[in-house]
Amino acid sequence: MKKAIIIGASSGIGRELAKLLDAQGYEVGIAARRLNLLTELQSQLHNTSYLQQIDIASPDEAQQQLHVLLDKMQTVDLIVITAGSGRLNPDLDWAIEHETIQTNILGISAVLNTIYHYFQQRGQGHLVAISSIGALRGDVGNPAYNASKAYVSNYLQGLRKKVAQTKLPITITDIKPGFVDTAMAQGEGLFWVASAGKAARQIYTAITNKRSHAYITRRWRLLAWVLKLLPDGLYHRL
């Protein structure tokens, strides 16, 4: 039976993906900061499951707790990181900026580093991490958020290149969601908002197809193309 870990499984996309993988026959390790929500989720899973409290806002501790979970599960085929921070911050409140950087850059880098070394030692595996359509351009709503997601995408690209050079059968998948109906979808004028369940199903398809990149939902590929080509002068008016 295949085994997977979802970091950020307490709510939103991570929660739905954990239930979907369980339905597909995986043994699932669920990890997040909010232990009570993980316990509730575990009661809904049918296969053998494993629970571990991991707060990626504390990078060193997150690495230690991930090692504990990996030891519990012994072998893991797939690890998905859906955890992150994304509060609106139009006034550039430094406390919010710092929280975003601490979680989305330092915290995610710490667990990505641990996962890469784990799969390297095992000789195979599949690493999936959530960046964002926001990784493509900076924005006024939360500059640190978009910048941190661009960092995640580039970090994954670096790992993908490293894997290609080592020729190990390790897949690195970068998931770029648009708006998904979770607590992180904030602000006015949201469009193309997908349910967390629909996002999880499309992410699962990307996993099974071993994609290196996927936009969620798929229609966001069109907007990504526009964002990449739009001149700064036009983009700044939006």
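Strand 2, residues 27-32, and strand 3 run parallel, joined by five bridges. Two strands count as paired when DSSP finds at least two bridges between them. Within this pair, Ile-30 stands opposite Leu-51 of strand 3.

A word on the source. This is a predicted model: local features need pLDDT of at least 70, side-chain atom pairs count only at pLDDT 80 or more, and totals for chains, interfaces and linings use all residues. Residues are numbered from 1 along each chain as its sequence is written, and side-chain values use heavy atoms, with hydrogens and water left out.

Back to strand 3, residues 49-53. Is it enclosed or open? Four of its five residues are buried, so the rest of the structure largely encloses it. Buried means under 20% relative accessible area, with a 1.4 Å probe and protein chains only.

Now the whole chain. It has eight helices and seven strands. Those are DSSP runs, numbered from the N terminus: helices are H or I with at least four residues, strands E with at least two. Buried residues make up 50% of the 238.

Next, dimensions. Along the principal axes, the C-alpha atoms fill a box of roughly 55 × 40 × 30 Å.

Last, contacts, meaning heavy atoms within 4.5 Å. Of those with a separation of 6 or more, 64% link residues 24 or more positions apart.
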